Amino acid sequence: MPKTVLIVEDYEDARSFMKYLVESYGYDVIEASDGIEALDKFKQFHPDLILMDISLPMVDGLTTTKTIREFEDSTKVPIIAVTAFGKSYYTQAIEAGCNDLIDKPVDFEMLAPVIHKYLCH
């Protein structure tokens, strides 16, 4: 049974592209367009990994990550921050509960090794 990745991204084009990439690696994908929807999808589907955009409407990605980390067993789920703001957000992302950070624009060569690092152990 394939592992599931929750992609949290407010821009539909970026979310669709990441979905295409993640599915091409053989994983199932769940999508959310904001932090509130991400919390609902996390509770409903218990994904194996989360790609979390930091800049989201309603509830930002760092706040959403902190909230997810309050749920039982959430520490087993890697959360990868995705941001166009660069590595300057790395410390904030880690402090919020993220395991790693990747830069936008996301590309195949950048995303594949990060996902495999956390899901293929």
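Modeller: Start with a cut-off. Buried means under 20% relative accessible area, exposed means over 50%, and partly exposed is in between (1.4 Å probe, protein chains only).

Colleague: Before we apply that, what kind of model is this?

Modeller: The model is predicted: local features need pLDDT of at least 70, side-chain atom pairs count only at pLDDT 80 or more, and totals for chains, interfaces and linings use all residues. Residues are numbered from 1 along each chain as its sequence is written, and side-chain values use heavy atoms, leaving out hydrogens and water.

Colleague: Take Thr83. Buried or exposed?

Modeller: Thr83 has a relative accessible area of 1%, so it is buried.

Colleague: In which strand is Thr83 found?

Modeller: Helices (H or I, at least four residues) and strands (E, at least two) are DSSP runs, numbered from the N terminus. Thr83 sits in strand S4, residues 79-83.

Colleague: What is Thr83 in contact with, leaving aside its neighbours within four places in sequence?

Modeller: Contact means heavy atoms within 4.5 Å. With those neighbours set aside, Thr83 touches Ile54, Leu101, Ile102, Asp103 and Lys104.

Colleague: How many residues of S4 are buried?

Modeller: In S4, 5 of its 5 residues are buried, and the strand is mostly covered. Now the general idea. In a regular strand the side chains alternate between the two faces of the sheet. In S4, Ile79, Ala81 and Thr83 lie on one side. Ile80 and Val82 lie on the other. Both faces are covered.

Colleague: Now the sheet. What is the order of its strands?

Modeller: Two strands pair if DSSP finds at least two bridges between them. Here 5 strands form an open sheet in the order S2-S1-S3-S4-S5, with parallel pairing. The edges are S2 (28-32) and S5 (100-103), and each pairs on one side only. The twist from one strand to the next averages 20°.

Colleague: How many bridges join S3 to S4?

Modeller: Strand S3 (residues 49-53) and S4 run parallel and are joined by 4 bridges. Two partners to find on screen: Leu51 bridges to Ile80 of S4, and Asp53 bridges to Val82 of S4.

Colleague: Which strands does helix H3 touch?

Modeller: Angles run from 0 to 180 degrees between N-to-C directions, and axes are lines fitted to C-alpha atoms, for helices over the stretch in contact. Helix H3 (residues 61-69) packs on the sheet and touches S3 and S4. The direction of H3 makes about 150° with that of S3. H5 also packs on the sheet, touching strand S1 (4-8), S3, S4 and S5. The direction of H5 makes about 165° with that of S5.

Colleague: Next, helix pairs. At roughly what angle do the axes of H1 and H5 cross?

Modeller: The axes of helix H1 (residues 12-24) and helix H5 (residues 108-119) cross at roughly 55° and come within 10 Å. H1 is therefore oblique to H5. The cut-offs: under 35 degrees is roughly parallel, over 145 roughly antiparallel, 65 to 115 roughly perpendicular, and the rest oblique.

Colleague: Which residues make the contact of H1 with H5?

Modeller: H1 supplies Leu21, Val22 and Ser24, and H5 supplies Phe108, Leu111 and Ile115. By class that contact has 5 nonpolar, 1 polar and no charged residues. Ala, Val, Leu, Ile, Met, Phe, Trp, Tyr, Cys and Pro count as nonpolar; Asp, Glu, Lys and Arg as charged; the others, Gly among them, as polar.

Colleague: And H2 with H3: within what distance do their axes come?

Modeller: The axes of helix H2 (residues 35-45) and H3 come within 9 Å, crossing at roughly 25°. So H2 and H3 are roughly parallel. Gly35, Ala38, Leu39 and Phe42 of H2 meet Thr64, Thr67 and Ile68 of H3. That contact holds 4 nonpolar, 3 polar and no charged residues.

Colleague: What is the phi of Met58?

Modeller: Met58 is not a glycine, yet its phi is positive, about 70°. Met58 lies in the loop between S3 and H3. With a relative accessible area of 64%, Met58 is exposed. Asp73, also not a glycine, has a positive phi of about 65°. Asp73 sits in the loop between H3 and S4. At 47% relative accessible area, Asp73 is partly exposed.

Colleague: Last one. In which strand is Asp28?

Modeller: Asp28 is in strand S2. Its relative accessibility is 38%, so Asp28 counts as partly exposed. Setting aside neighbours within four places in sequence, Asp28 touches Pro2, Lys3, Thr4 and Val5.
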